[in-house]
Number of protein chains: 2
Amino acid sequence: MTNWASIGEKTKQELLVARAFLVGVAEPPAPALAGFVAEHGPRRAVDLILRDKAPPEVGAEVEARRAHVSGEQLLSASEAAGARLVVPEDPEWPHEAFACLSGARTVELPGMAEPIALWVRGKAGLGDAAERAVAVVGARAASGYGEHVAAEFGHGLSTAGFTVVSGAAYGIDGAAHRGALAAGGLTVAFLACGVDVDYPAGHGRLLRAIADQGVVVSEYPPGTPPRKHRFLVRNRLIASAGRATVVVEAGARSGAANTANTADALGRPVLAVPGPVTSKNSVGCHGMVRSGQAVLVTRTQDVVEALTPLGAQSSVELPAQHRRTDELHPHARRLHDALVGMDCASPDELARDSGLPLGKVRALLPELELAGFVARSERGWSATE
Amino acid sequence: MTNWASIGEKTKQELLVARAFLVGVAEPPAPALAGFVAEHGPRRAVDLILRDKAPPEVGAEVEARRAHVSGEQLLSASEAAGARLVVPEDPEWPHEAFACLSGARTVELPGMAEPIALWVRGKAGLGDAAERAVAVVGARAASGYGEHVAAEFGHGLSTAGFTVVSGAAYGIDGAAHRGALAAGGLTVAFLACGVDVDYPAGHGRLLRAIADQGVVVSEYPPGTPPRKHRFLVRNRLIASAGRATVVVEAGARSGAANTANTADALGRPVLAVPGPVTSKNSVGCHGMVRSGQAVLVTRTQDVVEALTPLGAQSSVELPAQHRRTDELHPHARRLHDALVGMDCASPDELARDSGLPLGKVRALLPELELAGFVARSERGWSATE
């Protein structure tokens with residue numbers, strides 16, 4: 001790949017124009033085109049396409065738009081829309097985030113091509129934002145419970161130093177972004193339309209807030225409207241950009257389940273938040289845990305542990321309350337139980353109730369008295385706590 | 001073991017008296033005594049104990065009560081209390097249910113001794129009740145959600161032909177019993193006190209209803225008050241009588257978690273119902289799933305599948321809604337998406353929007369029209385569904 005630092009402004013501009021053309025000329029994902037660009041480099045790829053010298057499978061991907069797309073126009077329109085194009089030659093490009101989409105894996109997962117370039121709107125650097133990223137996704141028609149939990153995870157992951165990646169949809173996505181914003185953290189929204197399109201309509205303000213503090217990202221040139229299949233295509237970017245994908249509420253068949261399947265296929269851990277079994281919003285999450293696709297998580301710390309497997313053991317130890325009687329030998333505890341149940345009793349009565357030998361009862365009572373568990377009075381022995 | 005059918009009434013009575021003495025003379029579990037009885041038979045074991053010829057470890061278990069217990073008295077008192085003694089020699093004894101508590105396993109799990117006999121109050125046969133039994137346990141201070149789910153599982157398991165085993169406590173236990181009763185099913189309550197003791201006080205009516213339709217069972221002779229450690233000792237009977245243990249709501253450290261640990265140690269499957277991550281009542285259940293101790297279950301069918309492993313695969317397939325567009329080839333679906341988004345469009349516009357070659361668009365449109373997905377008008381093509 002061309003080294004960004006060592007090349008002149010003119011070359012940079014040529015690369016941007018070429019990639020703007022390439023990312024706009026085919027409907028993503030365009031695996032043949034992606035492979036063709038990887039083979040010939042962007043400038044030669046454009047040249048071959050325009051001279052109709054590309055192989056037929058590439059031709060099929062670019063035929064419909066070849067005559068209608070201009071890299072220069074897309075770049076100037078995007079500048080007007082407050083967006084910039086980030087390309088793989090740019091040091092800002094998060095190679096690690098998308099590497100799992102390209103290369104050998106593409107063969108196993110058709111349609112998983114790495115993006116050719118990304119349109120970005122926002123103040124943060126795409127590379128910084130993607131470095132320690134966790135995807136938090138879920139149902140649009142979420143419950144109040146789901147939104148609360150998504151906001152908690154968004155906030156908690158931000159506080160723990162992770163970028164929260166999501167899709168800016170209503171419900172879980174929006175709550176996760178808001179949680180991250182509230183914590184002052186980085187958050188990335190991958191859109192299924194242009195980065196200047198307010199979709200969903202009610203999330204215009206949220207998208208501006210994300211751009212102010214993080215980045216809004218898309219494969220689709222500014223102005224592109226959303227289409228149903230674009231949400232599924234976009235989901236692969238969320239799944240690959242997150243080091244893990246947390247699913248908070250998902251129906252049996254849902255976009256979130258699609259993102260989870262993609263993350264799983266890409267080898268990224270899928271983590272699912274449980275909920276009431278009476279809620280259809282949690283059916284997908286419970287199904288993923290039952291099938292072994294997802295690990296159950298209940299809090300930010302569980303997610304952090306899934307990303308740092310050495311710490312995974314500790315989550316198994318549940319916070320347990322400690323009782324003072326825990327320190328007692330089982331026999332002493334049994335005697336103490338009898339005393340608690342009997343109020344005042346003689347050693348003989350205590351032996352029969354507890355089933356402990358009388359000698360043992362006689363030996364244990366003073367020990368328990370010394371430790372402050374029992375007291376002796378004229379009426380007999382009784383428990384003090 | 002003596003064959004019940006081939007022995008006379010006198011011998012039966014002697015065996016009952018001997019076991020009544022043995023189950024009352026030591027505080028359960030009494031592993032030394034259980035081993036001693038298994039070795040010598042109940043009548044000889046009683047004789048040796050009364051002549052002070054038992055080994056010291058047995059002596060320690062029986063010393064406190066030896067002089068105060070009479071098998072005859074216990075039997076006549078239990079008859080007055082509406083209870084009967086069921087002994088291992090009786091064909092009603094559920095050997096399979098408790099076998100895991102005895103023998104080699106006792107060595108690995110100290111204190112796991114098989115019961116020497118059981119006091120039973122109720123119309124159902126103990127053997128019948130234990131044959132296809134599932135334990136449903138959980139928090140006393142359950143939430144409304146937890147009680148609802150426990151009643152659903154109790155009802156569902158009953159309807160599926162399972163006996164519901166539990167501990168008759170407030171909260172989850174009570175709801176599980178009630179669900180089974182409402183379905184007209186068998187249910188078994190194992191108590192940590194005598195079968196004639198109304199504990200908890202508010203469950204007197206429930207216990208009578210269980211005895212009317214199923215059985216109330218205890219190792220403790222009628223009249224025995226509950227003691228704290230007896231609940232833990234009793235839990236081993238629930239865990240071993242259930243072919244699986246379903247935990248519905250459990251705190252991090254709880255009686256239900258203890259039953260689950262015991263079931264796990266006995267090699268019985270533990271199944272945990274998830275709940276809101278915001279509820280402390282579900283912390284134990286989520287922890288069991290995370291640690292791998294329990295399998296997550298959301299409905300009766302999941303429990304049935306856990307007990308019939310061959311059917312386990314099917315639960316992974318989630319009920320998914322089917323959409324008519326699912327049948328379409330990805331290209332046709334992409335074209336259909338474009339049409340849905342664009343209202344009325346020409347093949348040219350559709351090619352550019354979808355990124356499909358114009359020739360492909362022209363070929364697909366009539367196909368989609370024939371299948372009823374799109375329609376042609378003077379203004380252009382549009383989607384019909």
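Predicted model: local features only at pLDDT ≥ 70, side-chain atom pairs only at ≥ 80, totals over all residues.

**Notes on the two-chain model**

1. The same surface serves both copies, since 100% of the contact residues of chain B recur in chain A, where contact means heavy atoms within 4.5 Å.

2. Residues are numbered from 1 along each chain as its sequence is written, chains are lettered from A and ligands numbered from 1 in the order in which they are written, and side-chain values use heavy atoms, with hydrogens and water left out.

3. The contact takes 57 residues from chain B and 59 residues from chain A. Chain B and chain A bury about 4,800 Å² between them, 56% of it on carbon and sulfur atoms, buried area being the accessible area (1.4 Å probe) that two parts lose on being put together, summed over both. The count between the two chains is eight salt bridges, each defined as a side-chain nitrogen of Lys or Arg within 4 Å of a carboxyl oxygen of Asp or Glu.

4. One of the salt bridges of the model joins B:R290 to A:E305, at 3.7 Å from N to O. B:R290 lies in helix 14 (residues 283-291) of chain B and A:E305 in helix 15 (residues 300-307) of chain A, so the pair joins two chains; helices (H or I, at least four residues) and strands (E, at least two) are DSSP runs, numbered from the N terminus. B:R290 counts as partly exposed at 22% relative accessibility, while A:E305, at 7%, counts as buried (buried means under 20% relative accessible area, exposed over 50%, partly exposed in between, with a 1.4 Å probe and protein chains only).

5. Helix 17 (residues 347-354) of chain B has B:L350, B:A351, B:D353 and B:S354 as its buried residues. These residues pack against helix 12 (228-241) of chain A, and also against helix 16 (330-342), helix 18 (358-370) and strand 11 (380-383) of chain B. Just after the helix, B:G355 takes a positive phi of about 80 degrees. In a separate salt bridge, the side chains of A:D353 and B:R230 meet at 3.9 Å, N to O.

6. Strand 2 (residues 118-121) of chain A points A:L118 and A:V120 one way and A:W119 and A:R121 the other way, and all are buried. Three bridges join this strand to strand 1 (residues 84-86) of chain A, which runs antiparallel to it, and the bridge partner of A:V86 is A:L118. Another three bridges join strand 2 to strand 6 (residues 215-218) of chain A, again antiparallel, with A:W119 opposite A:S218. Two strands pair if DSSP finds at least two bridges between them.

7. A:K123 forms a salt bridge with A:D212, the closest N and O atoms being 3.3 Å apart. The pair links distant parts of the chain, with A:K123 in the loop between strand 2 and helix 8 (126-131) of chain A and A:D212 in helix 11 (residues 204-213) of chain A, 89 residues apart. A:K123 counts as exposed, at 66% relative accessibility.

8. Some backbone geometry deserves a look. The peptide bond from A:Y199 to A:P200 is cis, with omega near -5 degrees, and the one from B:P28 to B:P29 is also cis, with omega near -10 degrees. Phi of B:A168 is near 60 degrees, a positive value in a residue other than glycine; B:A168 is buried, with a relative accessible area of 0%, and lies in the loop between strand 4 (163-166) and helix 10 (172-182) of chain B.
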